[in-house]
Amino acid sequence: MPAEPLPVADSQTPPPAPQPWEAPEVAAAYASLVEQVAKTRPKEDLEPLRRAFERAAYWHRNRKRSSGDPYIVHPIAVAKILDSEQMDMVCLQSGLLHDVVEDEDVSVDEIRRIFGEEVARVVDGVTKLGKIKLANREERQAESLRKMLLAMTSDIRVIIVKLADRMHNLETLESLSRERQERISNETLEIYCPIAHRLGMGKIRAHLEDLAFKYMDPEAYKDILGQLESRRQANVEHLNEIKHAVETKLARENVPARVEGRLKRPYSIYQKLKRQRIVIEQVYDLLAIRIITDSVKNCYAALGVIHNEWHPIMGRIKDFIAIPRPNLYQSLHTSVIGPGGQSFEVQIRTEEMHKVAEEGIAAHWKYKEGRKGDAGDDQRIAWLRHLVEWQKEMNDSQAFMSTLKVELYSEEVYCFTPKGRVIVLPREASPIDFAYAIHSDVGHNCVGSKVNGRIVPLKYQLRNGDVVEIITQSGHSPSKDWLALVKTSRARNKIRHHINATERAKAIEIGEKFLEKEARRLGVQLNRVTRAKLESVAGEYGHSKMEDLYAALGFGRFSARHVLHLLAPDQVPDEEPAKPAPAATPQYTTDNDSDLVIKVKGIDDIMIYRAKCCNPIRGESIVGYVTRGKGIAVHSNNCKNVQNLLYETERRIDVEWARAVAEKFSVKLMVYSQDRPGMLHEITSIFYGESCNIRSVEARLDDKRTDDSAVIDLTCEVKDKKQLEKILAAIRRIPGVRDVERIQ
């Protein structure tokens, strides 16, 4: 549909009404953008920028943000972020126009006609699938991400604009509800920060993480910020002292370099405190020095100077120059014991390495350098092309999102084959991951492994520098238990595909025999039933082939008697209440218990139970899986078995919590704290205040640590997820508590 033409003033008519871009706050925002762009690129023609702004302002003229500001203020801010990253004019225009297709009655063809193919391609790639009817928000999110990833393979500027858009949204989250703040922040940390990391855009990733952290866990954010602020003066003085000492030592050894100092970022500190369950005083790399020199030779020379002056911390020396990370990041890392016994981290790199670390693939679109091409052969998007290939075969949105999060996992373990080939894997990867990284057949036939010449179990977690040899046996098949060990999507998908194919074949065989047995019992002669009739009945159950119905019978989804009633209604009376409900009009039934805890769509008279692996509680997102002979297992969506096993799509079934009941849910908690008098009393008082019963409690010293650390195991009863979150938040506020987690 053609866009409305912009009003044009006529000298013979009265002055027109003010244009959308003439509103004071809009005019001021645009003037600030023009001033910034003019300073950074004084010789560039800004007419394309003006055209994009006026069109965007006109198209968004009737829309406001949640804060009450004119909507166009947001695209202007996105364009300013893109300019501060020195992106090209196509990026700036796309930043101004990125929401017009999604939010207004403007087509991509109209954008293409006015602004050209490149701008249209980027805007289309950023546009979410909001106007397409999909089952739920999760499915819309998954399909929008698929679309964006596909667009990124042809023009990486799509994600650059999207990251700038997300950055400004995070900077202005105050006006949104708490639920939306958490959802947007969580999506940022799970999807967009890892994408920025995989593309080498370190500066943007760091800023997004800190912005999202502020809303994901406000109390932890304020606590860390408060502790940093209380130490700021001392840290700055100490950092300046170290910086001066490093500069002096380097100059004395004739190593040309500039030295920068920094404090560790809040989100990075938070991750370390959570991962290692320590207090901020025990963070050894809170202070960091970055040495930027002119050559690789001088990088190693600077490392020698640092180690000659201060004692290095063993296990903290990493050489990413010799073996770069997959996103092409290069640097030398070391941690040393500095003046006064305080440790600090040192990063050493060249100017070019520093540029790659900060900007990553975005450097291809710097306006000052001119277009270098689409970076099609860049190693940083090789993973993206692989991602697009396997996602074409993945129709289930939940499986796609789970696998995407695994694929985006930070890769930091570098292992070697016996012949010296480097294999890059995620942290905590197993020899099984290594085997599948070499070849699918090597993975399937893997029966054991040797690491550095000695036999290790398949659950062994690989470390940097390990030399791995895979032991194979022809005809061997992967085990379902492997799914809990592997960390790579490649290994998981190959194992799942093999297991699903095997289980499906067994289910088809069981289902067919079950139907034949029931037919003999009821006197139905199946050999007289035509193939067309069989497939017609399968169609009533939502299956195109009889084999699919046999598989469903084998998994216990349907009753064989129901099927026989449809095949021979004269011989088999319909004594049971259920004819299969059509997919379009699902019926609701309940579990066999009388408490109506869980509802299940489209299934009659079948056993339902909450899976012991995650023990979901009311308020959590849940999903059901049909198990052979056991009924329906209900898992939390965050259950590791759901994330790792990724059951066959046809075995998944929609479930939901039913009406409120008085049932209490048993939950296991583990509290990591200081060992001090009164700690247990303060913790149990919280449960008393919430009228929650504690079924068991055990306190002990943490045998994995040498300091004053204690571990408290609790089993309690809660009403729902909301009450549990309230209890966890209260426990975390107790002085001396380092972490509390729910055990699943």
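Tutor: Let us begin with a definition: two strands pair if DSSP finds at least two bridges between them. Please keep in mind that this is a predicted model.

Student: What makes the strands E10, E9 and E11 an open sheet, and in which sense do they pair?

Tutor: The three strands stand in the order E10-E9-E11, with antiparallel pairing. The edge strands, E10 (454-456) and E11 (468-472), each pair on one side only. On average, neighbouring strands of this sheet are turned by 35 degrees against each other, direction ignored.

Student: How do you know that E9 and E11 pair?

Tutor: Strand E9 (residues 446-451) and E11 are joined over five bridges in the antiparallel sense, and the definition asks for at least two. The two strands therefore count as paired. Ser-449, for instance, stands opposite Ile-470 in E11.

Student: What packs on this sheet?

Tutor: Helix H18 (residues 431-438) does, touching E9, E10 and E11. The direction of H18 makes about 80 degrees with that of E11.

Student: What does Glu-620 contact, leaving aside its neighbours within four places in sequence?

Tutor: Glu-620 is in contact with Ser-636, Trp-657, Lys-721, Arg-742 and Gln-744.

Student: What does the side chain of Glu-620 reach at 2.9 Å?

Tutor: That side chain reaches the backbone nitrogen of Ile-617. A polar contact requires N or O atoms within 3.5 Å, and the distance here is 2.9 Å.

Student: Why is Glu-247 placed in a class of its accessibility, and which class is it?

Tutor: Glu-247 has 35% relative accessibility. Exposed means over 50% and buried under 20%, so Glu-247 counts as partly exposed. This residue lies in helix H12 (residues 218-252).

Student: Which residues touch the most other members of the largest nonpolar core?

Tutor: They are Met-152 and Ile-159, in a core of 87 residues. Helix H9 (residues 157-171) supplies the largest share of this core, eight residues. Not counting residues up to four places away in sequence, Met-152 touches Val-158, Ile-159, Ile-195, Leu-199 and Leu-384. A second, separate core of 35 residues includes Trp-657, Ile-686, Leu-724 and Val-737.

Terms used. Residues are numbered from 1 along each chain as its sequence is written. This is a predicted model: local features need pLDDT of at least 70, side-chain atom pairs count only at pLDDT 80 or more; totals for chains, interfaces and linings use all residues. Side-chain values use heavy atoms; hydrogens and water are left out. A nonpolar core is a set of buried Ala, Val, Leu, Ile, Met, Phe, Trp, Tyr and Cys residues joined through side-chain atoms within 4.5 Å. Buried means under 20% relative accessible area, exposed over 50%, partly exposed in between (1.4 Å probe, protein chains only). Helices (H or I, at least four residues) and strands (E, at least two) are DSSP runs, numbered from the N terminus. Contact means heavy atoms within 4.5 Å. Axes are lines fitted to C-alpha atoms, for helices over the stretch in contact, and angles run from 0 to 180 degrees between N-to-C directions. A polar contact is a pair of N or O atoms within 3.5 Å; within protein, one must be able to donate a hydrogen and the other to accept it, and residues adjacent in sequence count only if both atoms are side-chain atoms.
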